[in-house]
Amino acid sequence: CNLACERARCKPGYKAEQSQCVQNELENLKCVYQESVCPQIDENAICNRDENECWCRPSFYQLDNTCVRAVGSPCQSDEQCGGSMICKGQRCDCNPNQRIQEILDKYGRVIRRCVNGIGRIQFSPVVILFFILARTFFI
């Protein structure tokens, strides 16, 4: 900003709101006339011209204003899959202690993502001992 202007401009991907720069959000952001705004928010976001809003690329889904890889997305390394998945056979897959959950994203696409748990309850020896003692004293 030079001396003639009264305020600085926000960097790409941000907007001025109440005298400060706040990050744009994927939701409710109109993009038809400024398609470059979507990748400024997230590198895996694109402008859906029919809906006039930013959407995540195929094989990604929206989570907390970012586009996250879904299970089955192409990869070359674990880092590309994010912290909750591993790259196995050049596809992102769940870590051993996670299971796959199928959901519909906000666009109606089926998304496969990893969630904690392996689908069954695991008991530690301490919990089992607690139940045995509780049963002995209260029955």
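## Burial and basis

Buried means under 20% relative accessible area, exposed means over 50%, and partly exposed lies in between (1.4 Å probe, protein chains only). At 34% relative accessibility, R112 counts as partly exposed. Of the 139 residues of the chain, 27% count as buried.

This is a predicted model: local features need pLDDT of at least 70, side-chain atom pairs count only at pLDDT 80 or more, and totals for chains, interfaces and linings use all residues. Residues are numbered from 1 along each chain as its sequence is written, and side-chain values use heavy atoms, with hydrogens and water left out.

## Fold elements

The chain holds three helices and ten strands. Both kinds are DSSP runs, numbered from the N terminus: helices are H or I with at least four residues, strands are E with at least two. From the N terminus on, the order is β-β-α-β-β-β-β-α-β-β-β-β-α.

Strands β1 (residues 14–17) and β2 (residues 20–23) pair in the antiparallel sense over four bridges. Pairing requires that DSSP finds at least two bridges between two strands. Y14 has Q23 in β2 as its bridge partner. Two residues separate the strands of this hairpin. Q18 sits in the turn, with a positive phi of about 50°.

## Other positive phi values

N52 has a phi near 55°, a positive value in a residue other than glycine. Its place is the loop between β3 (45–48) and β4 (53–56). N52 is partly exposed, at 22% relative accessibility.

N65 also is a residue other than glycine with a positive phi, here near 65°. N65 lies in the loop between β5 and β6. This residue is buried, with a relative accessible area of 18%.

## Salt bridges

The count comes to three salt bridges. The rule asks for a side-chain nitrogen of Lys or Arg within 4 Å of a carboxyl oxygen of Asp or Glu. One of them joins the side chains of R112 and E102 at 3.8 Å, N to O. R112 lies in strand β10 (residues 110–116) and E102 in strand β9 (residues 98–104), so the pair ties together parts that are ten residues apart in sequence. E102 is exposed, at 55% relative accessibility.

D105 and R109 meet at 2.9 Å, N to O. D105 is buried, with a relative accessible area of 10%. R109 is partly exposed at 24%. D93 and K88 meet at 3.3 Å, N to O. K88 is exposed, with a relative accessible area of 53%.

## The largest pocket

The largest pocket holds about 240 Å³ of space. A pocket is an open set of points on a 1 Å grid over the protein atoms alone, where a 1.4 Å probe fits, with protein on both sides within 12 Å along at least five of seven lines; lining residues have an atom within 4 Å of a point. Grid points are joined across faces, edges and corners, and the volume is the space filled by probe spheres set on the points.

The lining has 15 residues, with Y61, V68, R69, C81 and S84 nearest the centre. Elements giving two or more residues to this lining are β5 (60–63), β6 (66–69), α2 (78–81) and β10. By class, the lining divides into eight nonpolar, five polar and two charged residues. Here Ala, Val, Leu, Ile, Met, Phe, Trp, Tyr, Cys and Pro count as nonpolar, Asp, Glu, Lys and Arg as charged, and the others, Gly among them, as polar. Domain 1 (3–95) and domain 2 (100–137) each give at least three residues to the lining. Those bounds come from an automatic or database domain assignment.
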